[in-house]
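Hi,

Here is the structure I said I'd pass on. Have a look at it first, and then read on for my notes on its aromatic rings.

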Amino acid sequence: MINKILKLSLKKLRGFTVNNFREKTLSEIIVKIILKYSNNKETIKIIDYGAGFEAKIVFCVYDILKKKYKIDVKIYCYDLYNLENLKVLNHNKDIIFFNIKDLNFDNTKYDFCLISDVLHHIGVNKTSELKNLINNLQNKAEYILIKDHFIYGFFSRMTLITMEFLGNYYKKNVNVATRFFDKPSFNYLLKLTNSEIVEEILNIQCYQSYFLFMSNPKLHFIYLIKKFK
C-alpha cells in the first residue's frame, strides 16, 4: 500500500514540476535532425525502439512533423506492451504500437530509428546485447538517433540515479538504472557496431533550471549514427 502511494505521488510530482518540458525539448531537437537528413522525402518512416507506455516524445514528434511541416509520417513503436496496452495506444493509423517480440517479423525499411533513454536500462555493461541490438536496428533504418546520458564522475552518477528514481520508479516494467555511459564507453560501443557518427549534440537542457544540479545539460546527449558502408 505504501509502495503504491509512493509511486502515485512521484507520478503526480513529476507531472506537476516537469510539465512535459523534457519531451517538448527533445522532440524539437529530434524533428530538426529528421528534417535535416530526410532529403525532403514526402513520407518519413520512423521506428521507435522502447517508445514507452506514455510515448510522449512519439506524439510530440508526430504532431510537429504532421501539423507544422505538413509531412506524411508513419511511426512504428516497439516496447513491452501487453494486449491491454495495445488497445489503449493504437488509436492513430499513423502511429502503430507493437509488442517488442514482433520486431523479429518487421521487414519494413525505415528512414530513422529512435532509441530514447533505453540503452542504459538494458545495461551499459551488456556490451554484446547492445551491439546486437544496434546492428539489428541498423539493418532496418538508415539513421539511428540515440538519446542517453553521460556521467563524468561520482557526483553526476548519483545525480542520474536520483533522477532515475524520481522519473521511473512509478512506471511498470521500467527498472531504475544505476549505471550509465561515459563518453569513451559509448564511443567504444559505436566502434563495435561499425557505426559512423553523423551528428553529435551535447549539453541538452532537458529540465528547468529550478531543478538545480539535476538540470545540468551535460548529463544529456543525442548522437545520430549510421552504419559504415
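So, how many aromatic pairs does the count come to? The answer is 15 aromatic pairs, where rings of Phe, Tyr and Trp (its six-membered ring) pair if their centres lie within 6.5 Å. Planes under 30 degrees apart count as stacked, over 60 as edge-to-face and the rest as tilted.

One of these is the stacked pair of Tyr 78 and Phe 98, with 5.1 Å centre to centre and 20° between the planes. Tyr 78 belongs to strand β2 (residues 72-79) and Phe 98 to strand β3 (residues 95-99), so this pair ties together parts that are 20 residues apart in sequence. Strands here are DSSP runs (E, at least two residues), numbered from the N terminus. Tyr 78 is buried at 3% relative accessibility, while Phe 98 is partly exposed at 23%. For those words, buried means under 20% relative accessible area, exposed over 50%, and partly exposed in between (1.4 Å probe, protein chains only).

Then there's Phe 181 with Phe 186, an edge-to-face pair: 5.2 Å centre to centre, 75° between the planes. Phe 181 is buried at 1%, and Phe 186 is buried too, at 0%. Both also belong to a cluster that ring pairs link up, together with Phe 150, Phe 221 and Tyr 223.

A word on the basis: this is a predicted model, where local features need pLDDT of at least 70, side-chain atom pairs count only at pLDDT 80 or more, and totals for chains, interfaces and linings use all residues. Residues are numbered from 1 along each chain as its sequence is written, and side-chain values use heavy atoms, leaving out hydrogens and water.

Cheers

How values were computed. Helices (H or I, at least four residues) and strands (E, at least two) are DSSP runs, numbered from the N terminus.
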